[in-house]
Amino acid sequence: MSSVANLSVNGQTYAVAVDSYDTLVDVLRDKLRLTGTKKGCSVGDCGVCTVLIDGRPMNACLMLAADVADRKITTIEGVACEGQMTPLQKSFVHEGGVQCGYCTPGMVLSATALLDRRPNPTSDEIKDALAGNLCRCTGYSGIMRSVSRCENYRDNGTCAKTNHSLGEKQDGRSDYRPSSRAATSVGVPMPRVDAGDKVTGRAIYTDDITLPNMVYGKILGSPIAHGRVKRIDTSKAEALPGVLAVITGKDVPDTQYGVSPARYDEYVLARDKVRHVEDEVAAVAAIDERTAEAALELIEVEYEELPCVLDPYLAAEEDAPQIHDRYERNINTHVAQSFGDVEQGFAESFHVREETFTGNHIYQSPLEPHASIATWDHDGTLVLYSSTQVPHYVQYMMAHVLHIPLGKIRVIRPTVGGGFGGKAETTPLDLCAALFSKKLGRPVKMVYSREEMFHHGRGRHKQHMKFKIGVDRDGIIRSFASEIYLDGGAYSSFGVATAYYAGSVLPTLYRFPAYKYDGYRMMTNKPAAGAMRGHGVPQPRFAFECLLSMVADDLGIDPVEIRRRNAMTSNSMTVNEMDVGSCEFLRTLEAVSEKAKWDQKYNKLPKGKGIGIGCGGFVSGAGYCIYRGQVQLSHEKGRESFQKKSIFPHANAIVKISEDGMAAVLMIGAAEIGQGSDTVLTQMCAESLGIPASRLRIRSEDSDISPLDLGAYSSRVTLMAGHAVSRAGVAIVEKLRPYAAGLLGCDESMVEAHNGLMFARDAEPEGVSVDSVPSNSVAWEEVARKYFNDNGPLVGTGAYKPPDGLGGSYKGATVGTSPAYSFGSAVCEVSVDLETGKVKIDKFTDYHDCGTPINPLAVHGQVEGAVVMGASETVLEDVQFDEKGRILNPNLHGYLTMTIKDAPEIFSGLVDSYEPRGPFGAKEIGEGSTLPVLGAVAHAIANATGVWIKDLPITPEKILNALNAKKRVQEPASA
Amino acid sequence: MYLPTAQLHQATTLAKASKLLQRFGSTARLLAGGTDLLVDLKAKRVSVDHIISINRIADLKGVTLEAESLRIGALVTITELDEEVAVREHYPAIIDATQSMAVRQVRNLATVGGNLASAVPCADLPPVFVALHATALLWSPNGERVLPLEQFFLGARRTARRDDEILTGVGIPKASPAFGAAYVRFGLREGNAIAVAAVAASVQLDGDGAIEDARVVLGAVSPIPKLATNASDALLGSQPTDDLFAKVAELATAEADPITDVRGSAAFRRELVGVLTARALTKAVGRARKEDR
């Protein structure tokens with residue numbers, strides 16, 4: 001049924017053999033190798049496959065290639081003109097319109113089509129034009145700026161006349177030796193180092209890679225939530241032409257895996273039981289993905305269905321179905337922590353309030369689906385390309401399951417299209433691809449569909465929270481107790497840590513004299529919950545912030561004031577022994593209430609309008625590694641006792657200087673997943689080397705090239721990897737010192753490196769220019785050459801270990817420990833339609849203490865993204881299950897995330913802060929910025945409506961029901 | 001998610017398309033914009049062996065303003081409908097719908113014919129067109145059949161189109177001076193949200209400003225776009241007032257037949273129908289009085 005279609009793409013006509021059923025997106029990607037057009041949902045919900053047809057944006061996943069022959073198709077590769085970025089693309093680069101980049105090609109195309117029709121669009125027109133392009137990273141703020149300020153990047157009207165070439169580095173990177181003496185790499189809003197590739201469709205994500213002789217795999221999931229696998233017949237699937245291999249539980253290693261070493265409880269494919277709908281039971285490899293998908297339907301599986309349990313309270317009952325033999329009463333983790341005399345605290349309180357709150361099932365929904373490609377070298381080395389935020393832990397876990405040394409595994413992390421915690425663990429794709437590849441001797445690619453992502457799970461734990469707070473007459477907290485049931489799903493995943501995090505980070509923000517936390521992480525027959533942005537903390541933080549605002553109202557104290565009175569301050573030890581260094585929480589409160597005009601608005605807005613406050617903060621990196629002991633194949637390790645120190649460095653870097661001294665290559669395994677780590681690490685390393693950032697290239701994608709870094713989780717990269725790269729830079733300067741001193745005729749100790757020059761400290765050069773070197777200084781590269789002439793390679797290394805002795809000595813004391821903590825306050829303003837319950841989040845004002853920012857553009861991008869993600873999960877998002885444990889909305893039209901039309905206007909501000917334990921004074925921003933959001937939204941809605949909704953998400957239906965209930969109470973007679 | 005193996009046929013005339021339809025019967029489906037069909041095929045809600053593209057049939061394109069009516073071709077995309085001057089000037093209720101439907105990418109692909117013929121209960125154009133007294137234009141080798149649009153919808157994803165027929169477009173009677181219509185919908189999100197409940201209303205005012213003729217049509221709360229006859233009739237002969245609309249809203253609520261799904265409960269949808277009915281009527285009357293476009 002193949003026919004030849006003449007496709008006109010980017011001005012070229014291609015005669016392409018297409019099948020009737022080929023969609024345009026597949027033909028563009030697989031046949032024309034134009035992989036800038038992405039795949040995200042396949043059903044027109046996400047917009048990452050947007051192309052222009054005769055100048056109009058359309059979803060390439062909803063078009064048959066054969067049906068669009070002879071129409072003019074423009075893909076992202078055809079936007080840049082003669083190798084020059086268009087003004088719009090430049091604007092995206094400079095205005096923070098790009099983060100993970102997966103939505104970017106579609107976003108740029110939609111905006112291009114708009115600007116072609118409306119050169120100066122209003123903001124409503126921009127929003128309408130881009131509402132079909134979902135973004136999960138930027139909060140759309142950078143995108144709005146990029147489109148509305150495009151004019152500023154228009155040089156003489158046409159892109160061909162501009163001076164910017166695609167490969168050229170912009171702004172802080174535009175000169176190889178900036179002429180300004182003050183030029184510095186740290187602290188400047190430098191555009192992302194990967195932005196140019198991302199706006200032009202050149203960035204390569206895992207699914208964009210095709211290896212020679214590659215085949216494809218798919219996984220079959222269980223149709224039932226709980227049952228025993230009685231029989232699997234794969235013969236029909238094996239007989240399907242094009243099928244190369246079928247594997248089931250009997251073909252996978254008899255080794256369980258997971259995240260927390262004490263709770264490895266997953267098999268690659270089910271060996272006996274299935275524990276949630278779509279739990280993996282078999283997998284197929286075939287010549288193409290379509291055949292593999294078809295073969296899944298031919299696998300016959302017979303199950304003995306068991307009763308399922310979906311509610312964590314019911315799961316704890318005596319007669320509940322037992323999901324794993326090893327977790328009695330389905331209790332996966334029980335936390336019982338108590339600090340100070342809680343009961344006495346309540347007894348002495350002036351006011352005690354107890355409330356119950358319920359969270360929701362949130363899924364990270366990064367735009368890029370998980371993908372893996374595995375191939376084995378002839379020497380027995382596994383090469384794994386994986387869309388992951390934790391390459392090292394993937395390496396560690398692959399070694400564990402496959403019983404091969406870590407050293408025989410090379411993990412390559414191509415560009416990653418967002419993670420948010422959803423890509424923080426080894427996936428069945430990684431493992432099945434490796435097993436298939438070994439069996440077939442061919443590279444194997446496996447990619448999740450959008451629906452499979454939801455079934456794989458690892459989203460936020462839904463938490464059921466009973467909170468009790470006692471305060472004195474002035475609102476000072478005397479005692480606080482919480483009991484939390486976490487809905488863990490069918491496997492442990494990160495859950496042990498999640499259960500501890502749900503308790504441990506609350507006391508970092510306000511002083512608790514006494515604190516008790518009982519946590520139960522329960523097994524249920526749902527996909528495993530995992531770690532998501534703010535890991536375990538956002539829902540308890542939401543609940544606590546709501547409760548604190550309720551108590552403020554009870555006492556007639558302003559909600560900002562009650563926070564001020566209880567706020568944590570610098571150099572404090574929390575009740576649970578977290579060591580808080582820098583803390584400018586009070587400043588964030590003051591700044592945000594002033595900027596948002598809190599005093600003029602709180603309780604003074606018209607009906608249906610509301611304002612609310614929420615605060616939060618997070619760790620700047622976990623104090624301890626997820627596994628114990630040294631880096632070593634876990635089967636070779638004995639049972640190791642916990643030591644209150646890091647056994648090995650958590651972040652490691654190598655800097656290599658090119659032989660001409662003109663370039664530095666920074667090698668570190670820190671995972672760039674869209675958050676901007678490659679850029680801030682480039683800045684910090686360049687600063688410590690004393691060269692402009694434009695001379696540095698970062699290689700973070702390959703474990704064969706870069707030394708270990710634990711990855712992008714617990715907001716650890718800026719602080720930990722930042723130290724490692726800075727130290728590697730300093731190590732180079734130390735090596736150059738004697739050579740520079742010789743050339744300058746000064747003492748070694750006086751040598752300084754800055755901006756591509758070396759000079760004596762008291763004789764800083766003036767009149768620096770690109771072409772010449774001032775007489776009292778020497779070119780950095782010249783010194784490097786001298787070093788190379790004498791010694792060979794100029795290499796520096798740096799490593800970072802968290803400080804020894806972090807945390808207390810009680811059970812679970814490690815979780816929540818960190819070298820430093822961030823703080824933030826946010827004010828939210830909403831409008832609520834009191835007849836329909838619909839909420840419009842109008843505005844957010846946020847101030848953060850992230851230490852000293854390395855890159856303000858990146859910091860604000862994180863805040864803007866967190867505000868929208870947090871607001872979205874507060875009012876829209878919820879994975880819903882039926883009574884049989886099936887997900888009712890495993891797609892992006894049922895599981896709604898905010899579009900650009902829903903996103904509020906955001907002001908992001910920073911307070912002055914310096915963290916002595918951070919590199920250049922920096923702390924984290926990525927996760928902490930999520931934490932104030934949920935409570936602020938909930939408070940604003942309560943302020944607008946007069947009803948508190950304590951059950952997330954705060955939907956129009958819940959608001960309306962609460963308003964109706966209130967009405968019934970107030971006017972019982974008239975009803 | 002891939003499309004099943006199916007053969008694509010590109011018909012260039014109605015006669016050829018009709019012949020193919022008759023030949024393949026229930027194993028074939030017509031393809032226009034594809035925003036419903038391709039999704040249904042990928043999700044395996046529908047299975048077919050033949051896909052008959054009608055995208056090359058020129059007769060199905062274009063909007064024509066005729067003496068007594070506006071004729072909208074089945075292949076007119078939502079964007080084209082939205083940008084059509086005649087529609088912008090005379091049928092603002094249609095613009096209410098086109099502006100709130102899906103997103104650019106889908107509006108550029110999706111067609112008027114598809115939005116009607118797919119007969120998805122939450123589709124936006126059907127209630128508006130019913131409120132505007134539209135007729136479905138059905139072509140077969142035997143000639144054109146004209147059917148009041150409310151009779152075109154038989155159930156969720158079921159229509160009165162016969163196997164040899166092709167929906168070629170809709171006809172909408174010319175709006176008289178004191179006529180006004182509006183479409184109001186509720187979605188959970190500002191952008192790209194399927195309607196949870198929707199109401200289209202139209203009113204014809206007489207010389208005294210009383211309501212002479214009216215239609216209240218409910219969307220997304222019944223298997224078909226529901227012409228709420230009790231609610232519509234209750235408007236006749238009265239001066240439009242908020243009290244009247246409140247009463248009519250209650251009647252409309254009773255006529256809704258909603259389901260509970262991920263987007264909301266049946267009770268919530270009913271409550272929305274009441275609110276939206278009053279809002280749609282207010283807006284329609286404003287337009288009839290030329291207070292608001």
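# Exercises on a predicted two-chain model

Of the 975 residues of chain A, 63% count as buried. This structure is a predicted model, and the exercises below walk through it from whole chains down to single residues.

## Exercise 1: Size up chain A

**Task.** Find out how the radius of gyration of chain A fits the value for a compact globule.

**Solution.** 
- Begin with the secondary structure: chain A has 24 helices and 33 strands.
- Next, take the extent along the principal axes, where the C-alpha atoms fill a box of roughly 85 × 75 × 65 Å.
- Now compare: a compact globule of 975 residues would have a radius of gyration near 30 Å, and the 28 Å of chain A agrees with that.
- Finally, look at the contacts between residues at least 6 apart in sequence: 78% of those in chain A join residues at least 24 apart.

## Exercise 2: Where the chains meet

**Task.** Describe the side of chain A that touches chain B.

**Solution.** 
- Start with the totals: 40 residues of chain A are in contact with 37 residues of chain B.
- Then see which elements take part. Strand 4 (56-59), helix 8 (289-296) and helix 24 (956-970) of chain A each supply at least two residues, and strand 4 gives the most, with four residues.

## Exercise 3: The largest nonpolar core

**Task.** Name the residues that touch the most other members of the largest nonpolar core.

**Solution.** 
- This core has 422 residues, and the ones touching the most other members are Leu666(A), Val937(A), Ile941(A), Ala200(B) and Ala201(B).
- Helix 20 (residues 717-744) of chain A contributes the largest share, 12 residues.
- Take Leu666(A) as an example: beyond its neighbours within four places in sequence, its contacts include Ala653(A), Val655(A), Leu681(A) and Val725(A).

## Exercise 4: A strand covered on both faces

**Task.** Locate the strands that pair with strand 17 of chain A.

**Solution.** 
- In a regular strand, side chains alternate between the two faces of the sheet.
- In strand 17 (residues 444-447) of chain A, Val444(A) and Met446(A) lie on one side, Lys445(A) and Val447(A) on the other, and all are buried.
- Strand 6 (residues 215-221) of chain A runs parallel to strand 17 and is joined to it by three bridges.
- Strand 14 (residues 371-376) of chain A runs antiparallel to strand 17, with four bridges.
- Look at Lys445(A) to see both pairings: Tyr216(A) is a bridge partner of Lys445(A), and Ile373(A) also stands opposite Lys445(A).

## Exercise 5: Buried or exposed?

**Task.** Decide whether Gly488(A), Asn603(A) and Ala119(B) are buried or exposed.

**Solution.** 
- The cut-offs are 20 or more other C-beta atoms within 10 Å for buried, and 12 or fewer for exposed.
- Gly488(A) has 32 such neighbours, so it counts as buried. This glycine sits in the loop between strand 19 (477-487) and helix 14 (495-504) of chain A. Its C-alpha atom is 8.1 Å from that of Asn332(A), a residue 156 positions away along the chain.
- Asn603(A) has 10 neighbours and is therefore exposed. Asn603(A) belongs to the loop between helix 18 (598-601) and strand 23 (609-616) of chain A.
- Ala119(B) has 22 and is therefore buried. Ala119(B) lies in the loop between helix 7 (112-117) and helix 8 (125-131) of chain B.

## Exercise 6: Backbone exceptions

**Task.** Find the phi values of Asn603(A) and Ala119(B), and the omega of the bond between Leu952(A) and Pro953(A).

**Solution.** 
- Most residues other than glycine have a negative phi, and most peptide bonds are trans.
- Asn603(A) has a positive phi, near 65°, and Ala119(B) has a positive phi of about 55°.
- The peptide bond between Leu952(A) and Pro953(A) is cis, with omega about -5°. Pro953(A) is in the loop between helix 23 (931-945) and helix 24 of chain A.

Definitions and conventions: Residues are numbered from 1 along each chain as its sequence is written. Chains are lettered from A and ligands numbered from 1 in the order in which they are written. This is a predicted model: local features need pLDDT of at least 70, side-chain atom pairs count only at pLDDT 80 or more; totals for chains, interfaces and linings use all residues. A nonpolar core is a set of buried Ala, Val, Leu, Ile, Met, Phe, Trp, Tyr and Cys residues joined through C-beta atoms within 7 Å. Two residues are in contact if their C-beta atoms, placed from the backbone, lie within 7 Å. Ala, Val, Leu, Ile, Met, Phe, Trp, Tyr, Cys and Pro count as nonpolar, Asp, Glu, Lys and Arg as charged, and the others, Gly among them, as polar. Two strands pair if DSSP finds at least two bridges between them. The radius of gyration is taken over C-alpha atoms; the globule rule is 2.2 Å times the number of residues to the power 0.38.
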